[in-house]
Amino acid sequence: MDRNERHTVYPANRRTFLKTSTAVLGSSLLVSACGGPSGGGSGADGDLTVWWPGVNPTEQDFVTEVLIPAFTEKTGRGAQATFIDWPDMSTRLNAGFSSGTGPDVYGHGPAAVADLVQYGRVEPLDDNLDQLDESDRKDLQTGLESGLVDDVHYLYPIASTGRQVAYNAEHFTDAGLDPDTPPTTFVSLREAAEQLAVHKSGKLQRAGIVFSAEAVGMQQAFTSILWAHGGEMFSEDGTSVLFTSDEGVEALTWYASLYQGDAPVDDNLGGTWDGLPPAQSPLATGDTSMTFTDPATLKQIMDAAPELDLRFMDVLAFDEGDEPAAFGGAATGLMINPDSQMQDDAWEFLKLTGSKDYNSMYAQEVGIVPVRASAIDTDYVKASPAMASAVANSEAFRSNPNIPAWTKIRDTLAQYLEQALNGQGTPKEALDAAAAEIEPILAEGR
Amino acid sequence: MTDTLPIDHQRKRRFSRAERGRALNITVLLIATLMVLFPFLWMISLAFTPAQEAFRDVSLWPSNPTLENFVTALTVGNLSRAFVNSAVVALVAVLTNCLFTVSAGYAFAHLPFRGSNVVFYCLLATAAIPVAVTLIPLFLMASSIPFAGGNDALGRGGSGLIDTLGGLSIPYLVGTMSIFLVRQFFLGMSRDLAEAARIDGASELRIFWSIYLPISRPIVAVVAIFAFTGVWDDLLWPLVVSSSARSQTVQLALTGFTQSGNIQYAPLMAAAIIVTIPVLLVFLFNQRHFISGLSEGAVKG
Amino acid sequence: MLLVAPAALYVLVFQIVPVVYGLILSFTEYTPLQRGAPTFVGLQNYAALVGDADFRGALWVTARYTLQVLPVTIAIALVLALLANRSFRGVGIFRSALYVPHIVSLTAVSMIWLWMYSQNGLINDILGTFNLSPQHWLNEPSSALNGVSVMRIWKALGSNMVLLLAGLQTIPKNLYEAASIDGAGRWHLFRHVTLPGLRPMLIYVIATDIIYLSQSFAEIFVLTSGGPLRSTTTVNYLIYTEAFEYSNMGSASAMAFVLFAFIAALTLIALRGGRER
């Protein structure tokens, strides 16, 4: 190496040293400057910490600019909200609880409640609920039932949901069906779907109906059909499987007949359109005449395709003589951490969020179904046919069973349902195999 | 600048052939680039489509182009603050990575010590363990850093580095794969220079600083790019460590537009494009160091 | 030693310690939701995996996915790196454009891909112009993994290209000069100068691709959620579900260490193969 080269090397050297010192200084500064308390694992004097189940910017604005100021006015206490999309909530709770930095109040879907109860991470709400007016409780009833674990209430509902069949009225007219008197049972729904389906050279060109085929969607559809036929998922004490009953087999046979056999009416097996824009959902593109969906999604599809006359059927029974029933109830709710030192204020926060005025405002901001049956007279619900239908049907909605390890049980069931829908084995075989795998999980949870 | 392929300089009579080869080269590159960019072009198109029309009329050129989504992306939500946070953490990670991984990678390649292979494979092994498993322990460590966030000397009592930029940067400071990368880079280099300098009595540190570091510009550039991209893209760690707007990162801010069941497509695309730009600039700035034949001088010297 | 110490110390504290913690958890039953300490269960978590058909299926999917994405990605990236390894005006634009897929937000761009793959999507439109019938790309167990693979190759091209580009810089220019004076053709140059010179970097690219591809999760989560009929359920997908959906850290950790052994074996085979050549 000659001198000239060495000469050019040194400046690079100095730059690197500069980099070093900046980096060291920078990181130590960061550590000291930003090392303030996070507000998690609150003391008795600080703000109420809330892990809110939603991240939508308009939702964040509603919570920080409307809800929390109202809470502070009422209780004199501040509140800090962290916004977390509900599928991420479990991850977040796991981390928080593992290190003792959990929030005072957090939101989640009912599917997680039984596990949280099992590990003592949720405060029972019954003492507080007992102090509510009878009419108030009745107004919230469907949602409150979603948070029942062994007859104790744990979840205060803030948003509702339900599964109904949405349909394209124009397709009905074209197929010679009356859009004003849509099917009321799954059996007649199947006949309508066959009339609506359009075939071209042996292939389905337009589906009669489509069901979402991801795991959660398949379980919710099957359970809805089962309930609509008077069947049950599990025994009351949650120790044995009941979905292998005749009703269960008939429900799954009906479900699988959408895809298998002589006259399939659904060509979306394996398809999920959760990530697809509403404008591209099969109902909006005219690739299907009916779809089994929830009110928030239908509302988005209607907004994206305003030219279509889309409507909701009332919740279906399986056959004449059955009672209508479907998956639904609370979509999300709030829970109180038993370790919180602000139990009273936490309850005030729950009550405020679920109060008629604030809950309607929240539902409108986010585009979801409000929890109260009385919300039927609010302008928001009146203006949206999808929401109005869901609120009107609220008594027919039931929540999934609240049993420990539910998410695992749900996914296991879905796995076997999918096999039956694909024609791998009979519905009876699929349900028996699912039961064999689920029963040990039930036993472990008790 | 001229084509640096040696053929051009050596054989003037093949000039026209080389010229044709170069045109072909650029054409193939152009076609490949357009194909690769295709999904991205759709993102740009959507970002300029009015929010309520997104995905309705599907065409690459929006019929009513608008800037509203960019306005939404920048004003609604927390993107600008998140930008600053991500940039600070990313720059710290770039500096620490360039410093520590380059020196460590060099040592593993040219100065093997007793057991250095064992140490090296241990480093490497940590990259083959899914984050799902190390997330919670790392979180526990971040929350119990002594003297931080109201913690005592044993790391108890407070929240440690949770919800701070310091906590956010923990997993990114030294990339094990970058150490491996630098090692491989130096393995591909001749050791003659070092031998010569050693005979001249230069210390190992000096050999590294003054001989090898200057010619390792391409790899330092890659380490910097990867460190920056790694911080910028991560969602899982910020998700558990950040609890408030003041420590939110860009990917967390983006989730505001992707709420499950209520995705806001057009503003999301606008936000995603805005978020891509800084990384692109970092890349553009660093890629200048990939100049063909850079090591020529080093070997000749 | 001094040069290694800071990095080694950091990795020890913030990377090895969590891994060891995870290893310990793999012999326990533990959910972060519980208040007490983990319960030691010995090899139970590992034993449960032996008879687990889902886990075996996921290992198979992971292997197939890794082995089909890896060669295609590297081959395309190598061609692009060679093409972009010239200095002409604007080459930086090409290099940056090719790197874009790697940096663009996965959630955002996955929606474009979902739409491209959908029934009325672009790919079916293109097929339609050739009078081919539309396919449900991500809905069929036979094509879903390939659909995900294409997106992964697209996403990984840029970083692989950058690495190979950096590797090309280490090849001394005078080797090319010497060889071309000897009258070597382009293929000969590539075979006897470029490839040997690129070997350390190729080894790196192959090893890291194996390590990262075997841990694939994100692109599957956004495109297919592991379905249909588990045809895209990778091991890391199972680990995520087990850890964050079911909160079973013990069995998730056990899966992670089996996956680790799998990755180590695959990487060693690849490196061995590389050495012999």
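Tutor: Helices are DSSP runs of at least four residues, H or I, numbered from the N terminus. This model is predicted. With that rule, C:Pro228 sits in the loop between α10 (218-223) and α11 (235-245) of chain C.

Student: What makes the peptide bond from C:Gly227 to C:Pro228 cis or trans?
Tutor: Its omega is near -15 degrees, and the bond is cis. Most peptide bonds are trans.

Student: Why is C:Leu229 called buried?
Tutor: The cut-off is 20 or more other C-beta atoms within 10 Å. C:Leu229 has 20, so C:Leu229 is buried.

Student: What are phi and the place of C:Arg230?
Tutor: Phi of C:Arg230 is near 60 degrees, again positive in a residue other than glycine. C:Arg230 is in the loop between α10 and α11 of chain C.

Student: How do you know whether C:Arg230 is buried or exposed?
Tutor: Count its C-beta neighbours inside 10 Å: there are 20. The rule asks for 20 or more, so C:Arg230 counts as buried.

Student: Which residues have the most contacts inside the largest nonpolar core?
Tutor: They are B:Met43, B:Val223, B:Met269 and C:Leu164, in a core of 318 residues. Helix α4 (residues 79-110) of chain B gives the largest share of this core, 17 residues.

Student: Why is this core said to lie between domain 1 and domain 2 of chain A?
Tutor: Both domain 1 (48-161 + 329-398) and domain 2 (164-293 + 405-445) give residues to this core, so it lies between them.

Student: What does B:Val223 touch, beyond residues up to four places away in sequence?
Tutor: Contact requires C-beta atoms within 7 Å. Among those B:Val223 touches are B:Asn97, B:Cys98, B:Thr101 and B:Leu181.

Student: How far apart are the centres of the two domains of chain A?
Tutor: Over C-alpha atoms, 29 Å separate the centres of domain 1 and domain 2. Their contact takes seven residues from domain 1 and five residues from domain 2. On the domain 1 side, α4 (113-118) and α17 (385-392) of chain A each give two or more residues.

Student: What classes make up that side of domain 1?
Tutor: The side of domain 1 of chain A that touches domain 2 has three nonpolar, two polar and two charged residues.

Methods:
Residues numbered from 1 in each chain as written. Chains lettered and ligands numbered in written order. Predicted model: local features only at pLDDT ≥ 70, side-chain atom pairs only at ≥ 80, totals over all residues. Buried ≥ 20, exposed ≤ 12 C-beta atoms within 10 Å, placed from the backbone. Core = buried A, V, L, I, M, F, W, Y, C linked by C-beta atoms within 7 Å. Domains from an automatic or database assignment. Contact = placed C-beta atoms within 7 Å. Nonpolar A, V, L, I, M, F, W, Y, C, P; charged D, E, K, R; others polar.
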